[in-house]
Amino acid sequence: MSTLTQPTAGNAVRNQFLRNLYGRSGILGSLLALQVIGITLSFFGGSGFGTSDGQITINVVDYSANPVIGLTLLWAIISPLYLSGRDSLKTDLTFPGSRTTRHTGNALYLTALVLAGSLVATLANMTSILFAVIPDHPLILPAGGSTSHYVSLFAVLTGYCLLLAAASYFAGTLFSVSRIAAFALLALVLVFLRVTAVNELVAAIARFSGDGPASMILLRCFLLSAFFFLAAIVAGSRQEVRA
Amino acid sequence: MEVDFRNVTKKYGRTEALRELTLNLAGDKIIGILGRNGAGKSSALQIAAGHLKPSAGDVSMLGENPFNSLLVSANTILVHEGMAFPPALRLRAILAELERAYPAFDKKLAKSLLDHFGIPDHAFHIQLSKGMKNTFNMVAGIAARTPLTMFDEPLNGMDAGVRSDLLKVLLKEYIAHPRMILLSGHQLEGMEELFEEVVILHHGRLLHHGNADEFKEGFVRISGPESEVRRAASEVQVLELHETLPGMAEAIIMVRPGTTLFMNEGLGLKSTSVSLGDAYVAMTRKKGGIDRVYADATDGR
């Protein structure tokens, strides 16, 4: 006589998280690779200009962690599309779990990676000043540099990365559930943009998530991200995959 | 363990894979799910595993609808050719993952079987040949020891030795750890001896469900001179009749339970038993078979 297993949702979420961590190392690997590229670009500096009056030549090189931040944001848009795709679902269906535990595990995994990615980008920002010191050139230190400045940067970057990752995860889920629904939503957004004008919409989003102290930005982004992840759970709860 | 389909229909666009299927499977048994290509076998198994949801009707397992059920998912495994594993994991890591996911998973057994079949555990699943992939998948399904274990066309691409060994292991495992095992397929070489029950699907409908031996006993093959075969066949229900050699013929006939078939061996007629595979193929074959199709297509040329 076979014995039934009584699974718990918590255990299924944990297994999903760990399976992502070990079995989808490409997601973490792509984050690391992009950040290494970003740090390398930061090291060589960029966006500089030069001027000369015949006697003195001035070359200004801007050392900043902007490439790291930009590439981290890019990663936050792209990698959730892979995690929410049909191939990932097909793999997940080999193991015990429901659609809800799967999406919850994925959301926690993305959140963890976003935290790690934002931390690395913030640390890169802190150390980018050192890059300028190494070549032994005259240095103009940027404004800020206090602990609170970096804490704010970390909070804002985490918030925006999480928001992008959640929106991308929702879009990926919707697209793999129903391409018609995904295109309909996109068309609706475009119509909405035309009706309300781009600037007003962007301003409205900025007022909600981009205004005020860093902690408020993080909180608002977190709320919006939770909304997108919940929407992905709802949209993905009827998701099928044919063998 | 009980799997219950009630008036289940499954549509893919305009194509109906299952049509009002009503079927109850119960007990720790090895059950054969048979049918031709497109009969609806895979759809039925995927619905039972919770991978697909029915377009109409109800499915119940462990008192729940399998679709999106954590309980059903934890007590079920569906082994099929398209089974996917995390791409970054080597086979040994996949076994560790399966051990974490399925509490009854026997990793030692799985490793020993992989060693026996010469599948290196440091390889990636994607690197394996079709036969090796299916062997690995089947080993994973056997070792998972879930109360409901389903194999959809499990032996595709395997060589004869591996097929035979895996079926022996499956039987040993079933005896040591009884569970409900559903085996679907249309090439039954070596599998049919395992079946306690058979389910035959045809065009998405249930054609037959019952004891496997009783089903087989309902069919007889008669062969001999064509005129004698035709005369004998005229008195019974014939599923298939075709010429074998010039002047000779063979027929598969269906015998009602309790009926005794008298054959006059002096006329050169011989009767033999019919394999399960031949029986269900004869049962689901179009009238006239491929001979009629070819004759009609080439008529007058």
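**Domains, cores and helix packing in the predicted model**

The centres of domain 1 and domain 2 of chain B, taken over C-alpha atoms, are separated by 34 Å. The model is predicted. Domain 1 of chain B spans 2-211, and domain 2 spans 218-297. Contact between the two domains involves 13 residues of domain 1 and 8 residues of domain 2.

The largest nonpolar core holds 55 residues. Within this core, B:L98, B:L170, B:L183 and B:F195 touch the most other members. Helix 5 of chain B (residues 130-144) supplies the largest share, 7 residues. Both domain 1 (2-211) and domain 2 (218-297) of chain B contribute residues, so the core lies between them. In soluble globular proteins, nonpolar side chains tend to be buried together.

In chain A, helix 2 (residues 25-44) packs against helix 3 (residues 66-83). Their axes come within 9 Å and cross at roughly 165°. Angles over 145 degrees count as roughly antiparallel. Helix 2 of chain A is therefore roughly antiparallel to helix 3 of chain A. The crossing of these two helices is right-handed. On the side of helix 2 of chain A, the contact is made by A:I27, A:S30, A:L31, A:L34, A:Q35, A:I37, A:G38, A:I39, A:L41 and A:S42. Helix 3 of chain A contributes A:P67, A:V68, A:L71, A:T72, A:W75, A:S79, A:Y82 and A:L83.

Backbone geometry was examined next. Most residues other than glycine have a negative phi. B:E20 has a positive phi, near 45°. This residue is found in strand 2 of chain B (residues 15-26). Its relative accessibility is 55%, so B:E20 counts as exposed. For B:H203, phi is also positive, near 50°. B:H203 is found in the loop that joins strand 8 (197-202) and strand 9 (205-211) of chain B. With a relative accessible area of 49%, B:H203 is partly exposed.

Notes: Residues numbered from 1 in each chain as written. Chains lettered and ligands numbered in written order. Predicted model: local features only at pLDDT ≥ 70, side-chain atom pairs only at ≥ 80, totals over all residues. Heavy atoms only, no water. Core = buried A, V, L, I, M, F, W, Y, C linked by side-chain atoms within 4.5 Å. Buried < 20%, exposed > 50% of the residue type's maximum accessible area, 1.4 Å probe, protein only. Helix = DSSP H or I, 4+ residues; strand = E, 2+ residues; numbered from the N terminus. Domains from an automatic or database assignment. Axes fitted to C-alpha atoms, helices over the stretch in contact; angles between N-to-C directions. Parallel < 35°, antiparallel > 145°, perpendicular 65-115°, else oblique. Left-handed = near helix turned anticlockwise from the far one by under 90°. Contact = heavy atoms within 4.5 Å.
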